[in-house]
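Please keep the sequence and the 3D view open while reading.

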Amino acid sequence: MQCILERASALLRLDIEVEVLNEEEWNAVPRFVLIDGDRARIPVRRADPQWFRLHVVIHELAHLLCGHARCESLPMTFDQLRKPAQACVLAGVGGGTGSAAFADSPQQAGQQAGQQAGQQADQEAEAEALAHRLGSFVVVPQFASAEAG
């Protein structure tokens, strides 16, 4: 995983940092933000299972490789998988939270919100598809080396 992060960091010219946070730090994580300037921060919660933290890192790395500056499910916790609305966001279906504050009418606000939700869902689906491919590079070699030994 570290090798993939280093290669992506060089390719994207971004400092990509994975931070394992305790609960207090976790509660202060800004929502949706993935890239800030020339730095990408991937927060994971220490209390979550290790396999889920790996999933989060791969998913957020996929967003970066797709050129996305934000992720609608950040901060992403294992607990969200138990909540249907959040699970939809993690799976890249359904709408994320958008803002239609600059709409001239309620109808236009609805259209803007729908467009944002569609774009956010598309980005989540795109990132999740790439994350599945990246995951095969990370997980499969571990199992292959265990079988060989």
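Against which elements do the buried residues of α1 pack? They pack against β1 (15–21) and α3 (50–66). The model is predicted.

**Helix α1**

Helix α1 spans residues 2–12, and its buried residues are L5, A8 and S9. These cover an arc of only 105° around the axis, so they sit on the same side of α1. An α-helix has 3.6 residues a turn, so residues three or four places apart point the same way. The other side of α1 carries the exposed residues C3, R7, A10 and L11. Just after α1, R13 has a positive phi of about 55°.

**Salt bridges**

Side chains of opposite charge can pair when their charged atoms come close. The whole structure holds 6 salt bridges.

| Pair | N to O distance |
|---|---|
| R39 and E17 | 2.9 Å |
| R41 and E19 | 2.2 Å |
| E23 and R45 | 3.6 Å |

R39 pairs with E17. This pair links distant parts of the chain: R39 lies in strand β3 (residues 39–45) and E17 in strand β1, 22 residues apart. R39 is partly exposed, at 33% relative accessibility. E17 is partly exposed as well, at 27%.

R41 pairs with E19. R41 in strand β3 and E19 in strand β1 are also 22 residues apart. R41 is partly exposed, with a relative accessible area of 24%. E19 is buried, at 15%. E17, E19, R39 and R41 are linked in a network of salt bridges.

E23 and R45 meet in a salt bridge. E23 belongs to helix α2 (residues 23–26), R45 to strand β3, and 22 residues separate them. E23 is partly exposed at 36% relative accessibility, whereas R45 is buried at 10%.

**R53, a buried charge**

R53 is in helix α3. Which side chain of opposite charge is nearest to R53? The answer is D48, 7.2 Å away. A salt bridge needs nitrogen and oxygen within 4 Å. R53 is buried and has no salt bridge. Beyond its neighbours within four places in sequence, R53 contacts V20, V44, R45, R46 and D48.

**The aromatic pair**

The count comes to 1 aromatic pair. W51 and F52 form this pair edge-to-face, 5.9 Å centre to centre, with 90° between the planes. W51 is exposed, with a relative accessible area of 54%. F52 is buried, at 1% relative accessibility.

Methods. Residues are numbered from 1 along each chain as its sequence is written. This is a predicted model: local features need pLDDT of at least 70, side-chain atom pairs count only at pLDDT 80 or more; totals for chains, interfaces and linings use all residues. Side-chain values use heavy atoms; hydrogens and water are left out. Rings of Phe, Tyr and Trp (its six-membered ring) pair if their centres lie within 6.5 Å; planes under 30 degrees apart count as stacked, over 60 as edge-to-face and the rest as tilted. Buried means under 20% relative accessible area, exposed over 50%, partly exposed in between (1.4 Å probe, protein chains only). Helices (H or I, at least four residues) and strands (E, at least two) are DSSP runs, numbered from the N terminus. The arc is that of the directions from the helix axis to the C-beta atoms. Contact means heavy atoms within 4.5 Å. Lys and Arg count as positive and Asp and Glu as negative; His and the chain ends are not counted.
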